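Subject: Structure handover

Hello,

Here is the structure you will be working with. Please open it next to this email and follow along.

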Amino acid sequence: MSGVQDSLEIKFRLIDGSDIGPKSFPAAASVATLKESILSQWPKEKENAPRTVKDVKIISAGKILENNKTVGECRSALCDVPGGITTMHVVISLPPQEKEKKATSNLKQNKCACIKIGGIVTNDDTPVEIRMGGQRRS
């Protein structure tokens, strides 16, 4: 017995730890087919839902799976457990304009200002010594 299965039970782990599946996929199914399944089963209440297959990356055994590969080509020896469920991780890529919006909204405004003091004089015209950051200034 070679340990090769005709289909695999796969569940998809999302970034927040929740799962989609498990669901059975034939070994001949492409990674693109897995992504389409993820899109159709994506929980409606979750933010940052993928819009297209291009927004979804699937990671299995530490590798990002390519769309043109089949499930059979991508599985590792660990997946050949009869009756076992394979967990694949799902990462969502934001489109470039959304990345820019998010980065812009996260930028902090520089609210620091520097001023130069020409000289401080008391009422009796004696200079005042000013200490800033432990350094002596006058």
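The notes below go through the strands, the core, the helix, the salt bridges and one loop.

This is a predicted model, in which local features need pLDDT of at least 70 and side-chain atom pairs count only at pLDDT 80 or more, while totals for chains, interfaces and linings use all residues. Residues are numbered from 1 along each chain as its sequence is written, and side-chain values use heavy atoms, with hydrogens and water left out.

Strands β1 and β2

Helices (H or I, at least four residues) and strands (E, at least two) are DSSP runs, numbered from the N terminus. Strands β1 and β2 run antiparallel and are joined by six bridges; two strands pair if DSSP finds at least two bridges between them. Ser7 stands opposite Pro26 in β2. The hairpin of β1 and β2 has five residues between the strands, and Gly17 takes a positive phi near 95° there.

Aromatic pair

Rings of Phe, Tyr and Trp (its six-membered ring) pair if their centres lie within 6.5 Å; planes under 30 degrees apart count as stacked, over 60 as edge-to-face and the rest as tilted. By this rule there is one aromatic pair. Phe12 and Phe25 form it, edge-to-face, at 6.0 Å centre to centre with 70° between the planes. Phe12 lies in β1 and Phe25 in β2, so the pair ties together parts that are 13 residues apart in sequence. Phe12 is buried, with a relative accessible area of 2%, and Phe25 is buried at 4%. Buried means under 20% relative accessible area, exposed over 50%, and partly exposed in between (1.4 Å probe, protein chains only).

Core and helix α1

A nonpolar core is a set of buried Ala, Val, Leu, Ile, Met, Phe, Trp, Tyr and Cys residues joined through side-chain atoms within 4.5 Å. The largest one has 18 residues, and those with the most contacts inside it include Phe12, Leu34, Ile38 and Ile58. The elements giving two or more residues to this core are β1 (7-13), β2 (19-26), α1, β3, α2 (71-74) and β5 (85-92). Contact means heavy atoms within 4.5 Å. In α1, the buried residues are Val31, Ala32, Leu34, Lys35, Ser37 and Ile38. What covers them includes β1, β2, β3, α2 and β5.

Salt bridges

A salt bridge is a side-chain nitrogen of Lys or Arg within 4 Å of a carboxyl oxygen of Asp or Glu. The structure holds three. Lys11 forms one with Asp19, the closest N and O atoms being 3.7 Å apart. Arg13 and Asp19 form another (2.4 Å, N to O). Asp16 and Lys46 also meet in a salt bridge (2.5 Å, N to O). Asp16 lies in the loop between β1 and β2 and Lys46 in the loop between α1 and β3, so the pair ties together parts that are 30 residues apart in sequence. Salt bridges that share partners join Lys11, Arg13 and Asp19 into one network.

The loop between α1 and β3

Asn48 lies in this loop and is partly exposed, at 44% relative accessibility. Pro50 is found in the loop between α1 (31-41) and β3 (56-60), and counts as buried at 10%.

Regards
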